[in-house]
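Colleague: I am new to this structure, and I would like to learn how to read its features one at a time. Could you take me through them?

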Amino acid sequence: MSTLSLALRDSSTMLRRNLLHARRYPSLTLNLLLTPIMLLLLFVYVFGDTMSAGISGGGPDRSEYIAYLVPGLLLMTIGSTTIGTAVSVSNDMTEGIIARFRTMAIHRPSVLIGHVVGSVLQCVVSVVLVGAVAAGIGFRSTDANLIEWIAAFGLLVLFATALTWIAVGMGLISPNAEAASNNAVPLILLPLLSSAFVPLNAMPGWFQPIAEYQPFTPAIETLRGLLLGTEIGHDGWLAVAWCLGLTVLGYFWSTSKFDDDPK
């Protein structure tokens, strides 16, 4: 078999392994999925009227705020799901299975590739579930055409890939699963500090740079523009640049840490 064939075979084997783990132990993924769903329900049914009146400057309109809120929570779902990836990688590194893989004649990057592809698939499923809940409480995307839906899906997959590689690196540097979970907290904290819940111009001036110069805000604004027809502007290119930059950074960080000889 060629090197490429071996790499594909080993990567698919590792992918099956990770998907089986996710199916047999779904509690972590479900717990992480509850966070964006609870925030969705909280901000819609508790704060929805007040937030919509404050953003629009008119009367309360909960449906308008649902439309504003959902794109940010879909990306927050990705950040939340990838925390499970960091924990899973850390478990593999500390429980001895990686040491055994190192002694086997397998394509070494396939271990990480299996984690990444499996995590991206879990992110897609999680986004679909959160999107279904959002649609159930009134979210509609009537302005998006087929091309915009495809572009939105591509952005979600690209964003999931970028955050997953970062999460893999966080898992590799963590001494245990608890540390991995703590190290990955920024992946769910950053969307809380973005334009997911309120527009940038509604934030205090000193806080706006914190919300603006980070990966979630341009991705949220781009997804919001694709689904709702709002202006995207330069946020589209910024979102793609953030995704590609984080993917490259996470890939080289993760592979370099994985290739380090165990101490």
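This is a predicted model: local features need pLDDT of at least 70, side-chain atom pairs count only at pLDDT 80 or more; totals for chains, interfaces and linings use all residues.

Colleague: How should I read helix packing, and at what angle do α7 and α11 pack?

Modeller: Two packed helices are described by the angle between their axes and the distance between the axes. Helices here are DSSP runs (H or I, at least four residues), numbered from the N terminus, and axes are lines fitted to C-alpha atoms over the stretch in contact, with angles from 0 to 180 degrees between N-to-C directions. For helix α7 (residues 146-172) and helix α11 (residues 216-228), the angle is about 160° and the axes are 9 Å apart. The two helices are therefore roughly antiparallel to each other, a term for angles over 145 degrees, as against under 35 for roughly parallel, 65 to 115 for roughly perpendicular and the rest for oblique.

Colleague: Which residues of α7 and α11 meet?

Modeller: With contact meaning heavy atoms within 4.5 Å, the residues in α7 include W149, L155 and F159, and those they meet in α11 include F216, L223 and L227. By class, this contact of α7 with α11 has 12 nonpolar, 1 polar and 1 charged residues, where Ala, Val, Leu, Ile, Met, Phe, Trp, Tyr, Cys and Pro count as nonpolar, Asp, Glu, Lys and Arg as charged, and the others, Gly among them, as polar.

Colleague: How do α4 and α7 pack?

Modeller: The angle between α4 and α7 is about 35°, with their axes 8 Å apart. Among the residues of α4 in this contact are L75, G79 and V89, and among those of α7 are L156, A160 and L172. The contact of α4 with α7 divides into 12 nonpolar, 6 polar and no charged residues.

Colleague: How many salt bridges does a search of the whole structure find?

Modeller: Side chains of opposite charge can pair when their charged atoms come close. A salt bridge is a side-chain nitrogen of Lys or Arg within 4 Å of a carboxyl oxygen of Asp or Glu, and the search finds 2 of them. One joins R17 and D92 (2.8 Å, N to O), and this pair links distant parts of the chain, since R17 lies in helix α1 (residues 3-24) and D92 in helix α4 (residues 62-94), 75 residues apart. The other joins R224 and E221 (2.9 Å, N to O), which are 3 residues apart in helix α11 and therefore separated by about one helical turn.

Colleague: Are R17 and D92 buried or exposed?

Modeller: Buried means under 20% relative accessible area, exposed over 50% and partly exposed in between (1.4 Å probe, protein chains only). Both R17 and D92 are buried. R224 is buried too, with a relative accessible area of 3%, and E221 counts as buried at 18%.

Colleague: Where is A184 found, and which residues does A184 touch?

Modeller: A184 is in the loop between α8 (177-183) and α9 (186-189), and is buried, with a relative accessible area of 0%. Not counting residues up to four places away in sequence, A184 touches I83, A86 and M170. A184 and M170 are 14 residues apart in sequence and 6.6 Å apart in space, C-alpha to C-alpha.

Key. Residues are numbered from 1 along each chain as its sequence is written. Side-chain values use heavy atoms; hydrogens and water are left out.
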